[in-house]
Amino acid sequence: MRGVPENPAADTPARVSLAEVTPPIALGPLDGRYRAAVAPLVDHLSEAALNRERIHVEVEWLITLCNGVPGVTDGPVVPGAPHLSDAEVAYLRRIPATFGADEIAELGAIERETVHDVKAVEYFVKRRLAAAPDALGSDTVLPGVGELVHFACTSEDVNNLSYALMVRGAVEQVWLPAATALADQLAGMAREHADVPMLSRTHGQPATPTTLGKELAVLAHRLRRQLRRVGSAEYLGKLNGATGTYGAHTVAVPGVDWPAVSKHFVEGLGLTWNPLTTQIESHDWQAELYSDVARFNRILHNLATDVWTYISLGFFTQIPVPGATGSSTMPHKVNPIRFENAEANLEISSALLDTLASTLVTSRLQRDLTDSTTQRNIGPAFGHSLLAIDNVRRGLKALAANADLMAADLDENWEVLGEPIQSAMRAASVAGVPGMENPYERLKDLTRGQRVDAARLREFVAGLGLPDDVAQRLADLTPAAYTGLASRLVADYLD
């Protein structure tokens, strides 16, 4: 055909390779679009954070070997090792404390030579020992203790402790405070709206009224229960050699109570000592923790879907953000995007946490390497959860309860009072009042599948022959007043 090139692709300019753009473009959204919301986790769950904790563990082990364990050794753990001065200990502890961009690049260069991440950390620390005279003077003993770096350790002695420290830091310093703030925010909303009556919907159908605050309190209570579990988590660690037998330790230095040294060292890091392992710490504590966090996620997911539904019913209105666009074509829309974003990220987080929890507890015989790459996804698992928490908090902040619409909804559904009326008839029957036969069936005939207004219900009640006080109580009842102890439950039981 005239005007159409024989090879259209030949006239298409070559695309720039985005993989070669500098600075590098993030592959995933957590390090790209959503970076600001999850950035605090980088200090704990990034590859750089892993290497910093490895350096920390190596340094503390070196200090322990040289300066001994009170009540376990009379001097150094390894005979002949020099006692380190306060200045030398401080110098060593500055190595992980000052681990930044330049050090990350240096360690990366070493690893490209060793093709082994933990060995690279060992060499990195030894370089710092060799350079100690520049900072401490020529009489420092640090250059002479290089062979005590990584002494009697397998890589997993360092890795398991590093991951325990990383995850503990991420949970206690980042995730748990954010999740607790969300639960507190929700609890505040529950108290604020404790007395706002609202029609319930069981199976999506009009049901016994409640209050908006009581329903929010249920979710806050559920979330807080999981937070207590997460807050009491144990972070286990081990240091016992290549197959958990202290084999190298006892051959090299046979006179030391190595389990006691290991226990002191692990607990000195703030972790719980695991006395029986293979080459790896068994990761059971991780599985327990990740299951609890995933359960929190799923309860939060339930909150997101419920609030989304309340928004669609009009029970909540959304406060528009100035300048924001809800739809590219429908200018009236204010979409519940915070809750939809949260749903998706909670699902991704829970899937990752489920995988971590189910796979990390298994290691073939004394060790396989599947946990190494699996644990590198701990960061994304917590990152997607943290992002969801941020979205829910922002979404809740932009909500306003529409009490008038909830009241109107209640006034359209007087048939829900069939429940208390038939219950009052049952109680009257037990008390010997005549004419109370088949209360459930009579209310079912009156209300099921049809609208009943206030006049029709009051007419029905007036003709029952109930005692005057009961009849008056039912005559005064409205759907908005039929909320039972909902307000009290919020006041008494929302911890």
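Reply: A crossing is called left-handed if the near helix is turned anticlockwise from the far one by less than a right angle, and right-handed if clockwise. Helices (H or I, at least four residues) and strands (E, at least two) are DSSP runs, numbered from the N terminus. The model is a predicted one, in which local features need pLDDT of at least 70 and side-chain atom pairs count only at pLDDT 80 or more, while totals for chains, interfaces and linings use all residues. Residues are numbered from 1 along each chain as its sequence is written, and side-chain values use heavy atoms, with hydrogens and water left out.

Me: Which hand does the crossing of helix 8 and helix 9 have?
Reply: Helix 8 passes helix 9 in a left-handed crossing. The axes of helix 8 and helix 9 (residues 212-231) come within 8 Å and cross at roughly 160°. Axes here are lines fitted to C-alpha atoms, for helices over the stretch in contact, and angles run from 0 to 180 degrees between N-to-C directions.

Me: Are helix 8 and helix 9 roughly parallel or antiparallel?
Reply: They are roughly antiparallel. Angles under 35 degrees count as roughly parallel, over 145 as roughly antiparallel, 65 to 115 as roughly perpendicular and the rest as oblique.

Me: And how do helix 12 and helix 15 pack?
Reply: Helix 12 and helix 15 (residues 378-397) have axes 11 Å apart and an angle of about 30°, so the two are roughly parallel. Their crossing is left-handed.

Me: Which residues meet there?
Reply: From helix 12, those in contact (heavy atoms within 4.5 Å) include Gln 286, Tyr 290, Phe 296 and Asn 297. Their counterparts in helix 15 include Ile 378, Phe 382, Ser 385 and Ile 389.

Me: Is Gln 286 buried or exposed?
Reply: Gln 286, which belongs to helix 12 (residues 284-313), is buried, with a relative accessible area of 1%. Buried means under 20% relative accessible area, exposed over 50%, and partly exposed in between (1.4 Å probe, protein chains only).

Me: What does its side chain pair with?
Reply: The side chains of Gln 286 and Gln 375 are joined by a polar contact of 2.9 Å. A polar contact is a pair of N or O atoms within 3.5 Å; within protein, one must be able to donate a hydrogen and the other to accept it, and residues adjacent in sequence count only if both atoms are side-chain atoms.

Me: Changing topic, which residues touch the most other members of the largest nonpolar core?
Reply: Leu 92, Trp 175, Trp 258 and Tyr 290 do, in a core of 116 residues. Helix 8 (residues 155-192) supplies its largest share, 20 residues. Such a core is a set of buried Ala, Val, Leu, Ile, Met, Phe, Trp, Tyr and Cys residues joined through side-chain atoms within 4.5 Å.

Me: What does Tyr 290 contact?
Reply: Leaving aside neighbours within four places in sequence, the contacts of Tyr 290 include Val 167, Leu 353, Ile 378 and Phe 382.

Me: Last topic: where is the cis peptide bond?
Reply: It joins Thr 22 and Pro 23, with omega at about -5°. Most residues other than glycine have a negative phi, and most peptide bonds are trans.

Me: What about phi of His 203?
Reply: Phi of His 203 is positive, near 60°. His 203 lies in the loop between strand 1 (197-202) and strand 2 (205-211), and is exposed, with a relative accessible area of 80%.
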